[in-house]
Amino acid sequence: MKSIIEDLNKAFENKVRLGVMSVLVVNEFKDFNSLKELLQVTDGNLSSHIKALEKLDYVDVEKKFVDRKPRTEYRVTEAGRQAFKKHIEAIEKLLS
């Protein structure tokens, strides 16, 4: 028999990763400082969680310069979007 929690994705168990994905799924992109401010986390904390999502190919990272200042932007990948959608659907099943 299939476990009721089997479809929950361990990558999204952490509230910072869940927050990052929630923000990126509804926005075209967000830069590092915007994410940090929205989620109210430290640079190191955000960096480590984004790296974990990037390793899973859930987030794309683009580094560039804007007005001679470095800017890092993040976008959700299609794989990330699908994994997040499946995770949310699993939560909805648990709640129904």
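A salt bridge is taken here as a side-chain nitrogen of Lys or Arg within 4 Å of a carboxyl oxygen of Asp or Glu. By this criterion, Glu62, Lys64, Arg71, Glu73 and Arg75 are linked in a network of salt bridges, and the structure as a whole holds six salt bridges. The model is a predicted one, in which local features need pLDDT of at least 70 and side-chain atom pairs count only at pLDDT 80 or more, whereas totals for chains, interfaces and linings use all residues. Residues are numbered from 1 along each chain as its sequence is written, and side-chain values use heavy atoms, with hydrogens and water left out.

The protein has four helices and three strands, where helices (H or I, at least four residues) and strands (E, at least two) are DSSP runs numbered from the N terminus. Along the sequence these elements follow the pattern α-β-α-α-β-β-α. Taken along the principal axes, the box filled by the C-alpha atoms is roughly 55 × 25 × 20 Å. Of the 96 residues in the protein, 32% are buried, a class that means under 20% relative accessible area, while exposed means over 50% and partly exposed lies in between (1.4 Å probe, protein chains only). Contact means heavy atoms within 4.5 Å, and among contacts between residues at least 6 apart in sequence, 57% join residues at least 24 apart.

The three strands form an open sheet in the order β1-β3-β2, with antiparallel pairing; two strands are counted as paired if DSSP finds at least two bridges between them. Strands β1 (30-31) and β2 (59-66) stand at the edges, each with a single partner strand, so one side of each is left without a neighbour in the sheet. Between β2 and strand β3 (residues 69-76), the antiparallel pairing extends over eight bridges. Within this pairing, Val66 stands opposite Lys69 in β3, and Phe65 has Pro70 of β3 as its bridge partner. The two strands form a hairpin with two residues between them, and Asp67 in the turn has a positive phi of about 50 degrees.

Charged side chains also connect β2 with β3. The side chains of Arg75 and Glu62 meet in a salt bridge at 3.3 Å, N to O; Arg75 lies in strand β3 and Glu62 in strand β2, so the pair ties together parts that are 13 residues apart in sequence. Both are partly exposed, Arg75 with a relative accessible area of 24% and Glu62 with 35%. A further salt bridge joins Lys64 to Glu73, with the closest N and O atoms 3.2 Å apart. Here Lys64 is partly exposed at 31% relative accessible area, whereas Glu73 counts as buried at 2%. Elsewhere, Lys10 and Glu13 meet through their side chains in a salt bridge of 3.3 Å, N to O, and both of these residues are exposed.

The packing of the helices is described next. Axes are lines fitted to C-alpha atoms, for helices over the stretch in contact, and angles run from 0 to 180 degrees between N-to-C directions. Helix α1 (residues 15-26) and helix α3 (residues 43-55) pack at an angle of about 70 degrees, with their axes 10 Å apart. The two helices are therefore roughly perpendicular to each other, on a scale where angles under 35 degrees count as roughly parallel, over 145 as roughly antiparallel, 65 to 115 as roughly perpendicular and the rest as oblique. In this contact, Val16, Arg17, Val20 and Met21 of α1 meet Asn45, Leu46, His49, Ile50, Ala52 and Leu53 of α3. The contact residues divide into seven nonpolar, two polar and one charged, with Ala, Val, Leu, Ile, Met, Phe, Trp, Tyr, Cys and Pro counted as nonpolar, Asp, Glu, Lys and Arg as charged, and the others, Gly among them, as polar.

Helix α3 also packs with helix α2 (residues 32-39), the axes coming within 10 Å and crossing at roughly 110 degrees; α2 and α3 are therefore roughly perpendicular to each other. Phe32, Leu35, Lys36 and Leu39 in α2 meet Asp43, Leu46, Ser47 and Ile50 in α3, and by class this contact has five nonpolar, one polar and two charged residues.

Helix α1 additionally lies across β1, β2 and β3, running at about 85 degrees to β3. Within α1 lies Gly19, which is buried with a relative accessible area of 13%. Gly19 and Leu39 are 20 residues apart in sequence and 6.7 Å apart in space, C-alpha to C-alpha.
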